[in-house]
Amino acid sequence: MFERLRIFLAWHVVHCLVGMTFGDWWRLLRKHRFAVSPLAWHRIAFQMTVSLANSINRVLELRAYGSRLKEVAIPPPLFVLGHYRSGTTHLHYLLTLDSRFAFPNVYQTFNPHTFLRTEWWIAPVARWLIPRFRPQDNVVLSADVPNEDEIALCAMTQLSPYLAWVFPHTGQDYHRYLTFEDVSADEIATWKAAMTLFFQKLTFKYGRPLILKSPPHTARIRLLLEMFPEARFVHIHRDPYAVFQSTRHLADRIRPVLGLQSGRQTDDSIFAVYRSMYSAFFEQKGLIPAGRFCEVSYDELTKNPVEVVRSIYESLDLKEFDAVQPKLEAYLTSISGYQKNRHPELPEPLRRRIAEEWSRGFAEWGYPL
């Protein structure tokens, strides 16, 4: 009963945009002509109330920390790249076991404007509210675990492809923020400023280099290098057939959690996002300086996680792997009972379409057609 209540509150009241200020929230609704599903009205009412508190706390946080944040230098981050459902979360969790690095957690990404002031007292409430597992799989969830910085950037800027999930009927234009191609210079500047501020806050709090993971960053290597020329990157890839199945499952499970309008992500959209993401990735990955990029496969990571992480440390010159290995082995033991999602077999016509439309992924990484 208690767990059911937590799931209802988390997935049907709280929203990924819970960290937005009132002004941003009102402008976003007005942009979409307040076209939201009646089933989402309770979320809208909750968000209105929370956004007012966010606006006040944002002002107070900037007054308390603004001048000090301007002086914070961000050490070169490490970015985990990869398409949705390619193992980016698992890899991110493994890499963040190294205490020499820091990461944004669930509370911070959902409250990017206010976490410096509010985390110490609101996070305990969030720990009670958050369900034990993510809606799309059996990955453990809590306020303290690593999370995608894209959630924070979405709330701070509204320049994110994730808003296409929130507004499936009127938000298809948000897909351009996957690559930031054909986007105005002002919007790019706004996005960069928000990312800088969020990373400065995290650096101010932890004083350590950041390990970050958001699938959309896979298509933004050029932008990330403009901001962090010495950044490191690790890309994880997976069999495209499995990626398609798992991404379709993700879309079906996340729709009722994120959507403020009725509707669902179509197969056409899944195909288009993959093509757009990897077209940008293959075009831009050559911009990364030697010694700052490596690539691993999901299959190898699941079969030999310790050795794969060791290879990442060696490729990126992260050093001190021997000190991290005991933590890595202990964590892997703790999740040894993890059960992956099972998906039905793909119909042959759909397999052929995946092989045709995502042919470069098969060719680049040697997956059998």
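Q: Is Y313 buried or exposed in this model?
A: The model is a predicted one. In it, Y313 has a relative accessible area of 4%, so Y313 is buried, given that buried means under 20%.

Q: And F321, buried or exposed?
A: F321 counts as buried, with a relative accessibility of 6%.

Q: Which helices does the contact around Y313 involve?
A: Y313 belongs to α14, where Y313, P305, V309 and I312 meet L91, L94 and L95 of α4.

Q: What is the make-up of that contact, by residue class?
A: The contact of α4 with α14 comprises 7 nonpolar residues, with no polar and no charged ones.

Q: How do the two helices cross?
A: Helix α4 covers residues 88–95 and helix α14 covers residues 305–316. Their axes come within 11 Å and cross at roughly 70 degrees. The two helices are therefore roughly perpendicular to each other, as angles of 65 to 115 degrees count as such.

Q: Switching to aromatics: how many pairs are there in the whole structure?
A: A search of the whole structure gives 27 aromatic pairs.

Q: What is the geometry of the Y84 and Y162 pair?
A: The pair of Y84 and Y162 is tilted, with 6.3 Å centre to centre and 45 degrees between the planes.

Q: Where do those two residues sit in the chain?
A: Y84 lies in the loop between β1 (78–81) and α4, and Y162 in the loop between α7 (149–157) and α8 (163–166). They are 78 residues apart, and the pair links distant parts of the chain.

Q: Are Y84 and Y162 buried or exposed?
A: Both Y84 and Y162 are buried.

Q: Back to Y313 and F321: why is that pair edge-to-face?
A: The ring centres of Y313 and F321 are 5.3 Å apart and the planes are at 70 degrees, so the pair is edge-to-face, a class that takes angles over 60.

Q: Which residues form the aromatic cluster?
A: One cluster is formed by F244, F271, Y274, Y278, F281, F282, F293, W358 and W365.

Q: Which arginines lie over rings?
A: R238 lies over the face of Y298, at 4.1 Å from the ring centre. The charged end of R351 sits over the ring of Y241, 3.9 Å from its centre.

Q: Where is E320, and what is its phi?
A: E320 is in the loop between α14 and α15 (321–334). E320 is not a glycine, yet its phi is positive, at about 60 degrees.

Q: Last one: which residues does S99 contact?
A: Setting aside neighbours within four places in sequence, S99 is in contact with R208 and K327. S99 and R208 are 109 residues apart in sequence but 8.8 Å apart in space, C-alpha to C-alpha. S99 is in the loop between α4 and α5 (106–110) and counts as partly exposed, at 45% relative accessibility.

Conventions. Residues numbered from 1 in each chain as written. Predicted model: local features only at pLDDT ≥ 70, side-chain atom pairs only at ≥ 80, totals over all residues. Heavy atoms only, no water. Axes fitted to C-alpha atoms, helices over the stretch in contact; angles between N-to-C directions. Helix = DSSP H or I, 4+ residues; strand = E, 2+ residues; numbered from the N terminus. Parallel < 35°, antiparallel > 145°, perpendicular 65-115°, else oblique. Contact = heavy atoms within 4.5 Å. Nonpolar A, V, L, I, M, F, W, Y, C, P; charged D, E, K, R; others polar. Phe/Tyr/Trp six-rings, centres within 6.5 Å; stacked < 30°, edge-to-face > 60°. Buried < 20%, exposed > 50% of the residue type's maximum accessible area, 1.4 Å probe, protein only. Lys NZ or Arg CZ within 6 Å of the ring centre and 35° of its normal.
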